[in-house]
Each structure stands twice: as C-alpha cells, then as structure tokens.
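Thank you all for coming. I would like to take a few minutes to go through a structure with you, and I will ask you to keep it in view while I talk.

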Amino acid sequence: MTVINREKIKDLYFADLLYSMHIAMEKIKNFENKYNKSFSEFETHVKSSEENFSEWDDYLEWKAFEKSFIALQQEKEDITNGNYKISL
C-alpha cells in the first residue's frame, strides 16, 4: 500500500493552482497585447462602441479569465495563510 501524506497533497494541489494561474495570466496578457489595453479600458471600449461580435467574444472570454485569476489568487492566499481543509 502506498501512503501519501497531507502535506504532499497540499503541495501537489498548490503546484496545480500555480499552473492554472499561469495559464490564466498568459491568456490575459494575450488579450492585453492584442488590444493594447487593460481589461477595464477594453470593457469601456466594447460597451460604448458599435456592436462588434468578435470584440464581444473576446470581451466575454477575457472577463472569464480575469474572474478566474482573481479567484485563483484568493485560493493561493488562503493556502499560503493555512486557511484550507483537506477532506478525504
């Protein structure tokens, strides 16, 4: 029987979390480079200009990555501060 301790589980979860943050940040940077704007600037642009389906698609995807990154940051902070529980 293989024994996996709780600290190892936490470390693996944390590594996966950092990977997810990296992916989200790369997607965000791609949008920033594509439009040469921050998300808030792009959001203002999209909401105030003529309807452009391509831009709206990018806006929705970018917004999802922004929300995801914020949630992942909070999760990272919780784990770093010991505010987590391992359930089996």
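I will speak about a helix packing first, and then about salt bridges.

Please bear in mind throughout that this is a predicted model. Let me begin with helix 2, residues 39-48, and helix 3, residues 53-80, whose axes come within 10 Å and cross at roughly 145°, the crossing being left-handed. On the helix 2 side, the contact is made by Phe 39, Phe 42, Glu 43, His 45, Val 46 and Lys 47, while helix 3 contributes Glu 55, Trp 56, Asp 58, Tyr 59, Trp 62, Lys 63 and Glu 66. Sorted by class, this contact has six nonpolar residues, six charged ones and one polar one.

How many salt bridges does a search of the whole structure find? There are four, and I will take several of them in turn.

One is formed by the side chains of Lys 47 and Glu 43, at 3.5 Å from N to O; both residues lie in helix 2, four residues apart, which is about one turn of the helix. Lys 47 is exposed, because its relative accessible area is 54%.

Another joins the side chains of Lys 34 and Asp 58, at 2.7 Å from N to O, and this pair links distant parts of the chain, with Lys 34 in helix 1, residues 6-35, and Asp 58 in helix 3, 24 residues apart. Lys 34 is exposed at 52% relative accessible area, whereas Asp 58, at 11% relative accessibility, counts as buried.

Finally, Lys 10 forms a salt bridge with Asp 11, with the closest N and O atoms 3.7 Å apart, and Asp 11 counts as partly exposed, at 39% relative accessibility.

Notes: Residues are numbered from 1 along each chain as its sequence is written. This is a predicted model: local features need pLDDT of at least 70, side-chain atom pairs count only at pLDDT 80 or more; totals for chains, interfaces and linings use all residues. Side-chain values use heavy atoms; hydrogens and water are left out. Axes are lines fitted to C-alpha atoms, for helices over the stretch in contact, and angles run from 0 to 180 degrees between N-to-C directions. Helices (H or I, at least four residues) and strands (E, at least two) are DSSP runs, numbered from the N terminus. A crossing is left-handed if the near helix is turned anticlockwise from the far one by less than a right angle, and right-handed if clockwise. Contact means heavy atoms within 4.5 Å. Ala, Val, Leu, Ile, Met, Phe, Trp, Tyr, Cys and Pro count as nonpolar, Asp, Glu, Lys and Arg as charged, and the others, Gly among them, as polar. Buried means under 20% relative accessible area, exposed over 50%, partly exposed in between (1.4 Å probe, protein chains only).
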